[in-house]
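Please examine the sequence and the model below with attention to how side chains meet one another.

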Amino acid sequence: MPLDPRIAAVTERIRARSRDSRRGYLERMRRLADEGPRRAHLSCGNQAHAYAAMGEDKRSLARENAPNIGIVTAYNDMLSAHQPFEGYPRIIREAARTAGGTAQVAGGVPAMCDGVTQGQVGMELSLFSRDVIALATGVALSHNTFDAALYLGVCDKIVPGLVIAAATFGYLPGIFVPAGPMRSGLPNDEKAKVRQQFAAGEVGRDKLMAAEMASYHSPGTCTFYGTANSNQMLMEFMGLHMPGTAFVNPGTELRDALTRAATERALAITALGEAYRPVCDVLDERAFVNGIVGLMATGGSTNLVIHLPAMARAAGILLEIEDFHDLSEATPLMAKVYPNGLADVNHFHAAGGLGYMIGELLAAGLLHGDTRTVVGEGLADYTREPRLAGGRLSWEPGAGETLNDRILRPVADPFQPSGGLRQLAGSLGTGVMKVSAVAPERHVIEAPVRVFEDQAAVRDAFRAGAFTSDTVVVVRFQGPRANGMPELHALTPVLAVLQDRGLKVALVTDGRMSGASGKVPAAIHVSPEAADGGPLARLRDGDRVRLDARAGRLDVLEEGFDARSPVRPDLSANTHGVGRELFELFRQNVGPASEGARSLV
């Protein structure tokens, strides 16, 4: 099927915009690749230090023709999604040894959990942890002893940070190795209902805790379709996973077999062999367009609208918000996974999952089918699914049709004709809104505003019964420069309760809300942020604001608004406590959310 002209036009626009930066990036990668295998440049003393603890692998490491894999791991046993990585190095070392290579844990990267820090001070470190992860990966790979890398990470900032680093070390081949989702527990809609009941004072904390523990109950990613699982989708669509790897549960024989297969493939694509396949050749503009199409087709997390521009910039590719908007308009919404529906990612996977979606989108000309991936030439490899029979791993044709059309639909009969991400622009700045779970009658909200400067104040006002009429809730000074751009997910139950009471409500913020805002209209990532004197800093209680997702507008309807002086709040309290002192450098140097909230690349 020929490439859809809308997809082609966006791709060409990105290619033209990125021509100089991409050329410079590739020239750097080629020069580094031409230097040959990394270990050839180490002295005997350098190598002795690197191999001292490797036991039976010392002899193989000292031979330059035996490829060595660097493992970069986000393991910790506080995060359910990363706890399974504890045993991966053993599996990888054994698989590498069997295949004639070696593997070493090059280093670990931090992995914090937005679920633990929601509504807490620690959330102010979350976005910048992406850059710390990229830096930590750089330290791990700086030893220059590796011929390929395996990147072990799953959740919100971890994968974007690892991709930024993988692109920076783009002359090295690299494969991303996930851990998979936990098995299904309490349905996500039931959990959300209990949260709303607690916010409304209808149930106690004991009921809330029981629901949360029944939902988040075992190793693996959370089962709703948030940023973590959106990351895993991206790695498939962008060709950085072994095919069909994303949503296989931890602790299964198939999961371990896929980890061994990733190890074997990483050894096969080093510069020591005949199939050299560096990351810089995988991560081109077509791969990023495919990733964005996947994000829209699945109704994925809006956090990726921040992360993808930063990831792309590390590979010399320049993405803008209009690219997301236009690709969303061209891409049908094919999946309904919570919070956009009742199913979780395990149900989605069973219904045909990513392999079915990729096949449908390829057949419709909505994906670049000619991309280079870690396993071969062309994205068609990712329509197949892994099978394990008699201890032998193979890839077989995936589902040719949806196995549950309440969860997954074909391109010809989607849930919605577009992906549901809208760019909003107007007198209040530029932001985005995810409309895939918002009822059409709520795509336009016009009401007086109530202005707040943190989410706790919104909850306090709610508990005091202050919301009795239609309201646009504005939470400002939540951008990256102000306080690190924490996710405001704790507002979701409050706003949902108000909406269920029959009020027209919306959120406007320069902070993050992810896709977990669900059914409540939310204009997020508004730039310029208030801390930089953006228009949100000039709003006052009672101003009428119009949020119009149909027309793509975000406007204040008050005469003389532009002549007002912006509010300059005291943000000094955001600079200390729970490690915030250590992140001041990031806040001072971060760019706007519309450009990826970048402080490094």
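This is a predicted model: local features need pLDDT of at least 70, side-chain atom pairs count only at pLDDT 80 or more; totals for chains, interfaces and linings use all residues.

Phe-128, Phe-583 and Phe-586 are joined by ring pairs into a cluster. In total, the structure holds seven aromatic pairs. One of them brings together Phe-128 and Phe-586, which are stacked, with 5.5 Å from centre to centre and 20° between the planes. Phe-128 belongs to helix H7 (residues 126-141), while Phe-586 belongs to helix H22 (residues 584-589), so this pair ties together parts that are 458 residues apart in sequence. Both Phe-128 and Phe-586 are buried.

A further aromatic pair is formed by Phe-247 and Phe-348. Here the arrangement is edge-to-face, the centres being 6.2 Å apart and the planes at 75°. Phe-247 is found in the loop between helix H11 (227-237) and helix H12 (253-268), and Phe-348 in helix H17 (residues 345-350); the pair therefore ties together parts that are 101 residues apart in sequence. Phe-247 is buried, and Phe-348 is buried as well.

An aromatic ring may also face a charged group. Arg-450 lies over the face of Phe-467, at 5.6 Å from the ring centre.

Charged side chains also meet one another, and the structure holds 40 salt bridges. Among them is the bridge between Asp-500 and Lys-519, whose closest N and O atoms are 2.9 Å apart. Asp-500 lies in helix H21 (residues 492-500), whereas Lys-519 lies in the loop between strand E11 (505-509) and strand E12 (522-527), so the pair ties together parts that are 19 residues apart in sequence. Lys-519 is partly exposed, its relative accessible area being 31%.

Another salt bridge joins the side chains of Arg-6 and Asp-4, at 2.9 Å from N to O. How exposed or buried are its two partners? Arg-6 has a relative accessibility of 43% and therefore counts as partly exposed. Asp-4, in contrast, counts as buried because its relative accessibility is 13%, under the limit of 20%.

The side chains of Glu-377 and Arg-372 likewise meet in a salt bridge, with 3.0 Å from N to O. Glu-377 is exposed, since its relative accessible area is 52%, and the threshold for this class is over 50%. Arg-372 is partly exposed, with a relative accessible area of 25%.

A network of them links Arg-13, Arg-17, Glu-320, Glu-322, Asp-323 and Asp-326.

Technical notes. Residues are numbered from 1 along each chain as its sequence is written. Side-chain values use heavy atoms; hydrogens and water are left out. Rings of Phe, Tyr and Trp (its six-membered ring) pair if their centres lie within 6.5 Å; planes under 30 degrees apart count as stacked, over 60 as edge-to-face and the rest as tilted. Helices (H or I, at least four residues) and strands (E, at least two) are DSSP runs, numbered from the N terminus. Buried means under 20% relative accessible area, exposed over 50%, partly exposed in between (1.4 Å probe, protein chains only). A charge sits over a ring if NZ of Lys or CZ of Arg is within 6 Å of the ring centre and within 35 degrees of the ring normal. A salt bridge is a side-chain nitrogen of Lys or Arg within 4 Å of a carboxyl oxygen of Asp or Glu.
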